Structures are given as structure tokens and as C-alpha cells.
Amino acid sequence: VFQGRILAQRFVGQETRYEVEVQTPYRHRFPLVAREYLWVPNTCGCPPLREGGQYLLMARRHVNYERTLNRILLQDDGYARPWTPREDRLVREVARHC
């Protein structure tokens, strides 16, 4: 779970790749750097992430069977909400209990 700002969007095959500036990592099981690529397994614009927007994102690390692909994947059941101070407060409160 992290707060990020969408810098760019690009369609690659049947997927969408977002360049994201990681602003606040809340809870992560793998290291995040200042800029990451966030992959969405469709090109339909779901979830609707716009360039320049700030979002609270819950994504997964995806490593393929051959271990040749290691990326951050926002699945259909993932969480992507526009960032607000309220979202920030709720995530920080939950993080204290988890």
C-alpha cells in the first residue's frame, strides 16, 4: 500500500503501464524506489488513473514462474482510490493495528 502520483501512462500489448512517483509507502513487503512502473492487466482504463493524479494504491508484486519478470501489478481486485487526507488518516490508523 502506497501513495503515488501518476507521471505517465503507456499501453504495452494488452496491458497498461503507469510510471508512478512513490510518495508515501504505508505497508510494503518488498522494497519500493522513488519511481516505479505499475502494471494493469488491461487497456480499458480500469481503474481510471489520470496523469498528475495522486492515488492510494494497493498492488501486488508479480514474479513469473521462470523468475524473469518482477513487477508491481494492480489487479482487477486491487485498490486504487484518489488520495485525500482522510484516506491517509485511515491507512495510518489501520497500519498501527496490523
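In the predicted model, the charged end of Arg17 lies over the ring of Tyr37, at 4.1 Å from the ring centre. A second contact of this kind involves Arg71, whose charged end sits over the ring of Trp39. Here the distance to the ring centre is 5.1 Å. Aromatic pairs, by contrast, number zero in the structure.

Arg71 also takes part in a salt bridge. Its partner is Glu15, and the closest N and O atoms are 2.9 Å apart. Glu15 belongs to strand 2 and Arg71 to strand 6, so the bridge ties together parts separated by 56 residues in sequence. Arg71 has a relative accessible area of 14% and is therefore buried, the limit being under 20%.

Side chains of opposite charge can pair when their charged atoms come close. The structure holds three salt bridges in total. Another of them joins the side chains of Glu21 and Arg5, with an N to O distance of 2.5 Å. Glu21 is in strand 2 (residues 15-25) and Arg5 in strand 1 (residues 2-12), so this pair connects parts 16 residues apart in sequence. Glu21 has a relative accessibility of 25% and counts as partly exposed. Arg5, at 28%, also counts as partly exposed.

Glu19 and Arg35 form a further salt bridge, with 3.2 Å between the closest N and O atoms. This pair links distant parts of the chain: Glu19 is in strand 2, Arg35 is in strand 3 (residues 35-40), and they are 16 residues apart. Glu19 is partly exposed, at 22% relative accessibility. Arg35 reaches 53% and counts as exposed, because the limit for that class is over 50%.

Attention then turned to empty space. Rolling a probe the size of a water molecule over the atoms shows where such space is left. The largest pocket has a volume of about 370 Å³. Its lining comprises 17 residues, and those closest to the pocket centre are Val1, Phe30, Met58, Ala59 and Arg60. Strand 5 (60-63) contributes at least two residues to this lining, as does strand 6 (70-73). By class, the lining residues of the largest pocket are nine nonpolar, five charged and three polar.

Key:
Residues numbered from 1 in each chain as written. Predicted model: local features only at pLDDT ≥ 70, side-chain atom pairs only at ≥ 80, totals over all residues. Heavy atoms only, no water. 1 Å grid on protein atoms, 1.4 Å probe; cavity = no way out; pocket = protein on both sides within 12 Å on 5 of 7 lines; lining within 4 Å. Points joined across faces, edges and corners; volume = space filled by probe spheres on them. Helix = DSSP H or I, 4+ residues; strand = E, 2+ residues; numbered from the N terminus. Nonpolar A, V, L, I, M, F, W, Y, C, P; charged D, E, K, R; others polar. Phe/Tyr/Trp six-rings, centres within 6.5 Å; stacked < 30°, edge-to-face > 60°. Lys NZ or Arg CZ within 6 Å of the ring centre and 35° of its normal. Salt bridge = Lys/Arg side-chain N within 4 Å of Asp/Glu carboxyl O. Buried < 20%, exposed > 50% of the residue type's maximum accessible area, 1.4 Å probe, protein only.
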